[in-house]
Amino acid sequence: MKTQVNIIAVVDVIGALSVKTLLDGNLCMVDDGAFDSAHQGTADLITVVKPGQVVSWTALALDLQTPVEIKNISFEPANGHNGAAASGPAMSPPGAHRTTNGGAHGQAHGQGQAHGQGQEESEGDKLDLDVWTGVVPHWMTPGVPYQYRLELQMYEGSNSVMSIDSPALMCQ
């Protein structure tokens, strides 16, 4: 068993901003898990995992001119648990930890340089790639898909944050 599963969310930012939805082919999610995940290449990806396994999410834009990043990942309460397997601010410094209500640990990794106050940013500095990670909790019921909300930030503006509730993690 692989100790980590990577989920990539590829976003057609121009398409999503034009029709104001991540549906209609504007979001494509894939994973590299060892098990048979369902709905690869769609916004309805169900990633099959094992308890204790690390899951990492990354967002990539089709159009490199318009950046996209993960703003938040949250899980709905299920089976008496308060949910949440991964979350954290997208631009937290590397190594920042945040414990969620469900007891799972989430972590955001900035793979670019951290920007401090008072530093000038160039256009290239805004394209940092952030990876969100979380650990699959042991209380998840096998065979039950746990849907999560994936919030994506696309550039700036009033309609720049969009979310989707259809992807899920499911323990084998």
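At 31% relative accessibility, R149 counts as partly exposed, where buried means under 20% relative accessible area, exposed over 50%, and partly exposed in between, with a 1.4 Å probe and protein chains only. Before I go on, please keep in mind that this is a predicted model, in which local features need pLDDT of at least 70 and side-chain atom pairs count only at pLDDT 80 or more, while totals for chains, interfaces and linings use all residues. Residues are numbered from 1 along each chain as its sequence is written, and side-chain values use heavy atoms, leaving out hydrogens and water.

R149 forms a salt bridge with D165, and their closest N and O atoms are 2.7 Å apart; the term stands for a side-chain nitrogen of Lys or Arg within 4 Å of a carboxyl oxygen of Asp or Glu. R149 sits in strand β9 (residues 145–154) and D165 in the loop between β10 (161–164) and β11 (168–171), so the pair ties together parts that are 16 residues apart in sequence. D165, at 36% relative accessibility, is partly exposed as well.

By this rule the chain has 2 salt bridges. K2 pairs with D32, with 3.4 Å between the closest N and O atoms, and this links the segment before β1 (4–11) to the loop between β2 (27–31) and β3 (46–49), 30 residues apart. K2 is partly exposed at 33%, and D32 is partly exposed at 32%.

As for the whole chain, it has 1 helix and 11 strands, helices (H or I, at least four residues) and strands (E, at least two) being DSSP runs numbered from the N terminus. Of its 172 residues, 42% count as buried.
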